[in-house]
Amino acid sequence: MTGKPNYPDGSVFPEFTSNPSAFDSFEGAEVVRVPLIPRGKGGVTLILNYLSYAVSASILGPWRLRGRQFDAIFVFQGSPVTVGLPAIVMKWRTGAPIALWVLDLWPQSLEAVGAVRSPLVLGLVDRMVTYIYRQCDMVWGQSRAFLAEINRHVVDSNKVDYLPSWSDSPIMDADVLPASEVPLRPDLFNIVFTGNIGEAQNFPAVLDAAAELRDEPIRWVIVGDGRQRDWLIEEVQRRGLQDQVLLPGRFPLERMHSFFSHADALLVSLKTAPAFAMTIPGKVQSYLAAGKPVIAMLDGEGAALIERSGAGIAVPSGDSQGLANAVRKLKALSPSERSGMGKLGPEVLAREFDRQSILDMVENTLVRLAGRR
């Protein structure tokens, strides 16, 4: 159960609007959609988007699923945490246990991106989080650093566990052709970023590093879309970085390897905030699978993973000078040295983020929870 697709553009995709029935299933799973207010481009419409889905899915969801019984309810909780509310309604109706996978800590993430500054509102959201977590039968955190915060909200610590993300990308084939949307420039050191372009990714600091390196043979390729993309385009032009920074747009997940093929290094970045320091960005696993060195401008769990694996270089969040120095350091390595660093990525994936092992754990837990009924 979900809403009409509108992320990250903020408006419902034209492909969906023209043919909704084409999106009624995914990989054999039925997709049930409820109405919502699209995200739009502003803070007010984003709040309305969050609230409208929670209300719509809580009221219309049970009606759309009437007459059916379920063994378990799995909730993918990025943002917002309010996606847990319709699951609670379904639990009341069916008696099915809930497993909630927390990929974004609330209210910490709201505070980190500056969306909410009022202590009163943050406190109310914190109480809502406590209610949602306590209604769940299992709460998974996507990083080990999440677990202490999740345990603060629950009574029984036995229903809290670690569930990392995995990479849906296979190990990258060295023969994949580079994306035609990006001109081939083997004479440049190419840094590729893929994913959401938003407040959390701290692009002001990335552009500071790009400006520091503007006179060196270095190119930044930023693939993706998001609420800050228009700002990023304008800022690149304002700083005169059009020759250093390319923004080819958004592409399907299956195209990412063709963009990775351009990369001498892959970039991941997050703003400075306690919530983000506890997070391992989902793109990290895909980067590791690509077998390319990773440059991480972030704190905490994500940075520790990159440093521990040896698959890249990590600098503190917001440290644009450190980012520039890391780029210079990687550029100074020989191609074989960079290749050796990149090959460590698939090794750490197999060791810590094996997809089948993680999915087996999910399935075993859901079966165990359902058996308690």
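Reader: Which residue's side chain meets that of Asp187 in a salt bridge?

Author: This is a predicted model, in which local features need pLDDT of at least 70 and side-chain atom pairs count only at pLDDT 80 or more, while totals for chains, interfaces and linings use all residues. Residues are numbered from 1 along each chain as its sequence is written, and side-chain values use heavy atoms, with hydrogens and water left out. A salt bridge is a side-chain nitrogen of Lys or Arg within 4 Å of a carboxyl oxygen of Asp or Glu. At 2.6 Å, N to O, the partner of Asp187 is Arg185.

Reader: Is Asp187 buried or partly exposed?

Author: Buried means under 20% relative accessible area, exposed over 50%, and partly exposed in between (1.4 Å probe, protein chains only). Asp187 has a relative accessibility of 49%, so the residue counts as partly exposed.

Reader: How many residues apart in sequence are the parts that Glu181 and Arg255 tie together?

Author: The side chains of Glu181 and Arg255 meet in a salt bridge of 2.8 Å, N to O. Helices (H or I, at least four residues) and strands (E, at least two) are DSSP runs, numbered from the N terminus. Glu181 lies in the loop between strand E6 (160-162) and strand E7 (189-196), and Arg255 in the loop between strand E9 (245-249) and helix H9 (256-260), so the separation in sequence is 74 residues.

Reader: Which residues are linked with Asp208 in a network of salt bridges?

Author: Asp208 meets Arg239 in a salt bridge of 2.7 Å, N to O. Asp208 lies in helix H7 (residues 203-212) and Arg239 in the loop between helix H8 (229-238) and E9, so this pair ties together parts that are 31 residues apart in sequence. The residues linked with Asp208 in the network are Glu235, Arg238 and Arg239.

Reader: What is the angle between the planes of Phe16 and Phe23?

Author: Rings of Phe, Tyr and Trp (its six-membered ring) pair if their centres lie within 6.5 Å; planes under 30 degrees apart count as stacked, over 60 as edge-to-face and the rest as tilted. By this rule the count comes to nine aromatic pairs. Phe16 and Phe23 form a tilted pair, 5.8 Å centre to centre, and the angle between the planes is 55°.

Reader: In which strand does Trp101, the partner of Phe74, lie?

Author: Phe74 and Trp101 form a tilted aromatic pair, with 6.4 Å centre to centre and 50° between the planes. The pair links distant parts of the chain, 27 residues apart: Phe74 is in strand E3 (residues 73-77), and Trp101 is in strand E4 (residues 98-102).
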